[in-house]
Amino acid sequence: MHSLLFKCKGQSIVEIALMTPLILVALYVPVDFGISIFTGHITQNAVRDGARIASTTDSMTNAKATSLATQVYNNLPERLVTGSPAIKQVTVKYYATGAANCAKFVEVQAQGTYNFFFYRLIGLLGFTPPDPIAISRTTRMSYEFQPTTNTGLCTAITATATHS
């Protein structure tokens with residue numbers, strides 16, 4: 001009876017040692033996927049805020065567009081990095097010329113790469129982890145200081161800036 005108890009204790013330790021990595025991977029992979037979705041959401045919020053600021057700026061110039069691109073870049077999440085699929089950068093474009101009475105608008109775009117961290121734990125078990133994913137978000141907003149009746153969208157860029 002006494003030797004049977006010692007065999008069971010050893011078996012429990014071996015089972016825990018074998019199952020722990022699998023349980024940790026099963027828990028961390030959904031967390032990593034959720035963090036990637038959250039990173040995309042924060043990126044979208046930064047782009048939307050930048051477009052909102054740009055749409056209410058009196059007159060958009062290249063200098064103001066550069067300042068805004070820097071501000072949006074600083075609001076991007078740190079998890080968004082420069083990597084293989086995409087370079088971490090922000091582009092601000094102001095469309096103000098084209099047909100007569102065209103609708104002016106501002107476009108702000110941010111992009112970067114999200115590197116999965118916890119998915120790399122799968123590599124310890126012999127599986128191939130997924131490649132990093134590119135996250136790109138764009139927002140267009142109508143320029144506030146323009147007539148209410150417009151014939152169409154403006155097609156030419158008047159001011160532009162990129163920060164990377």
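Modeller: The largest share of the nonpolar patch, 8 residues, is supplied by α1. This is a predicted model, in which local features need pLDDT of at least 70 and side-chain atom pairs count only at pLDDT 80 or more, while totals for chains, interfaces and linings use all residues. Residues are numbered from 1 along each chain as its sequence is written, and side-chain values use heavy atoms, with hydrogens and water left out.

The patch is made up of Val14, Leu18, Met19, Leu22, Ile23, Leu24, Leu27, Tyr28, Leu124, Leu125 and Phe127, and its accessible area together is about 1100 Å² (Shrake-Rupley method, 1.4 Å probe, with only the protein chains shown counting as cover for residues). Patches take residues with over 30% relative accessible area and no salt bridge; like charges are joined within 9 Å, and nonpolar side chains (Val, Leu, Ile, Met, Phe, Trp, Tyr) within 5 Å. Methionine 19 is found in helix α1 (helices are DSSP runs of H or I, at least four residues, and strands are runs of E, at least two, numbered from the N terminus). At a relative accessible area of 43%, methionine 19 is partly exposed (buried is under 20%, exposed over 50%, partly exposed in between, with a 1.4 Å probe and protein chains only).

Threonine 39 also lies in helix α1, but it is buried, with a relative accessible area of 0%. A polar atom of its side chain lies 2.8 Å from the backbone oxygen of isoleucine 35. Leaving aside neighbours within four places in sequence, threonine 39 is in contact with Pro77, Arg79, Leu80, Tyr114 and Ile135 (contact means heavy atoms within 4.5 Å).

Further along helix α1 (residues 2-55), arginine 52 and aspartate 49 are 3 residues apart, about one turn of the helix. Their side chains meet in a salt bridge, at 2.9 Å from N to O (a side-chain nitrogen of Lys or Arg within 4 Å of a carboxyl oxygen of Asp or Glu). Side chains of opposite charge can pair when their charged atoms come close. Arginine 52 is partly exposed at 42%, and aspartate 49 is partly exposed at 37%.

A search of the whole structure finds 2 salt bridges. Another salt bridge joins the side chains of arginine 140 and glutamate 107, at 2.7 Å from N to O. That pair links distant parts of the chain, 33 residues apart: arginine 140 is in strand β5 (residues 133-142) and glutamate 107 in strand β4 (residues 105-114). Glutamate 107 is buried, at 12%.

Notes:
A polar contact is a pair of N or O atoms within 3.5 Å; within protein, one must be able to donate a hydrogen and the other to accept it, and residues adjacent in sequence count only if both atoms are side-chain atoms.
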